[in-house]
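I opened my notebook to look up how the copies of a chain sit against each other. These are my entries.

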Number of protein chains: 4
Amino acid sequence: MTVAGQMLETYPKDLGGVDRDKLRECIEACVECAQACTACADACLSEDMVAELTKCIRTNLDCADVCDATGRVLSRRTGYDATLTRAVLEACAAACKACGDECGQHASMHEHCRVCAEACRRCERACRELIAALG
Amino acid sequence: MTVAGQMLETYPKDLGGVDRDKLRECIEACVECAQACTACADACLSEDMVAELTKCIRTNLDCADVCDATGRVLSRRTGYDATLTRAVLEACAAACKACGDECGQHASMHEHCRVCAEACRRCERACRELIAALG
Amino acid sequence: MTVAGQMLETYPKDLGGVDRDKLRECIEACVECAQACTACADACLSEDMVAELTKCIRTNLDCADVCDATGRVLSRRTGYDATLTRAVLEACAAACKACGDECGQHASMHEHCRVCAEACRRCERACRELIAALG
Amino acid sequence: MTVAGQMLETYPKDLGGVDRDKLRECIEACVECAQACTACADACLSEDMVAELTKCIRTNLDCADVCDATGRVLSRRTGYDATLTRAVLEACAAACKACGDECGQHASMHEHCRVCAEACRRCERACRELIAALG
């Protein structure tokens, strides 16, 4: 089991009816996507055609920051607030959609964009599934 | 002028029709609120009645993370994405509302919660005004 | 291969003589430890004996922030700066040592502290091995 | 008084002998510098000569992340740990030195780099003065 999964297993109180698997998958996807976007922004910076990748870099940086914040909010279960959780998940899905689309446009030319676009799409899907599971 | 204001003044391209004053105020409010929430979570931790402040601490931590991410997204102007900006501002307003309400309940007893609640309300207002200005 | 590993594989320029496996392990350990510490701080908050865990919570929060920043710095390879990398790794090792020791004291009583202490020790070790590999 | 100053004033326990003015100045400098570096990275991205600014962008991103983490660690006073505080301040001073030097090289050509270099130097100085004050 991943450490994120172990942390959910060892949370001392009830998780409050949340779908534990979807929650764990979403935390893991946020953490993975944040790292991929940070690395993809940097890989774009080192491409000779960096001048054509500035929107991609910017979207990567936004997505990294929003995924980081979302992974942290989701990792907290004490004093759970459904309204805030939903708003943060919506912002994260929007960031991942924007970055997945942008990186997807460069995926055939840059392998780092292809890997990053996949991470963004997984994270967007995980956010939307968790939103749906929140009811 | 603040450094955030100077950074907006020296941005080399057009800011794209955004209301510069509202943008600057929102960036400054996010940065200020993130720090206040980090400090308020810690001040709550050192109160003798910490056991009654756990929801407040959690909400502070969430608000700090979301304000941080929002201040960063707003500080970027290259390849501006209105959909993402709006979603992030909505999440930030929700985080500030939750934290302002929670800290507000302890404001008469804890001065740090009073100061923090005011920072949250300023930031929530700045987010909503910027959303309105985005049109 | 993990996404972090794939991002290193697809970096378009030379990685500059760094030990790729140790770098990947350290990035992965930072990301994992940051999430574990965020979750452990929250789990401590929900313990009935939270008043005895305030130092643990604070150390968890510091460790999460420093590991996050370190994972980001290490994920960037463009314009590599050995002095900065080393200073950040030293700070991260110090944060992980402090948090591993603190959580370690509660490991027999709280499973989340046990899991988190192990993540901290792995990350401290990964930081020290990467420092050594930098030469 | 700034909000950061008010949060220090309202901390419920003793601040433990730290020089309050130097601490407040360092927190404020970290927060200001993190925002300036985020904005400078983005301003560099929108320069026509972005291909010559990739090292500057990378250093800006590192400095933003390290200043953010440092501002958070310094904003916490509960369970104070001098060893960790010192290591984080050393990393922050190194990040600000690297970014101040790098931005300083472009200061005559790019106003955003000039403003950012000054923020980095103020923050580096504030870190070093706080390290000295820690004894």
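The entries below go from symmetry to contacts.

**Ground rules.** I am working with a predicted model, where local features need pLDDT of at least 70, side-chain atom pairs count only at pLDDT 80 or more, and totals for chains, interfaces and linings use all residues. Residues are numbered from 1 along each chain as its sequence is written, chains are lettered from A and ligands numbered from 1 in the order in which they are written, and side-chain values use heavy atoms, with hydrogens and water left out.

**Chains C and A: symmetry.** I recalled that a rotation about an axis and a shift along it relate two copies of a chain. I laid chain C on chain A: a turn of 180 degrees with a shift of 0.0 Å along the axis gives an RMSD of 0.0 Å. The superposition is by least squares on the C-alpha atoms of residues with pLDDT of at least 70 in both copies. The two copies are thus related as by a two-fold rotation axis.

**Chains C and A: the contact.** I looked up who takes part, with contact meaning heavy atoms within 4.5 Å. Chain C gives 35 residues and chain A gives 35 residues. Of the interface residues of chain C, 100% are also interface residues in chain A, so the copies meet through the same surface.

Next I checked the area buried, which is the accessible area (1.4 Å probe) that two parts lose on being put together, summed over both. For chain C and chain A I noted about 3,100 Å², with 59% from carbon and sulfur atoms. M7(C), Q35(C) and R72(C) supply 20% of the area that chain C buries against chain A, more than any other three residues.

**Salt bridges.** I counted a side-chain nitrogen of Lys or Arg within 4 Å of a carboxyl oxygen of Asp or Glu. There are six salt bridges between chain C and chain A. I looked at the one joining D48(C) to K13(A), at 3.4 Å, N to O.

**Which elements touch?** I took helices as DSSP runs (H or I, at least four residues), numbered from the N terminus. On the side of chain C that touches chain A, two or more residues each come from α1 (3-9), α2 (20-45), α3 (54-75) and α5 (111-134) of chain C. The largest share, eleven residues, comes from α2(C).

**Chains B and C.** I turned to the other pair. Chain B superposes on chain C by a rotation of 180 degrees with 0.0 Å of shift along its axis (RMSD 0.0 Å). In chain B, the C-alpha of A51(B) is nearest that axis, at 3.2 Å.
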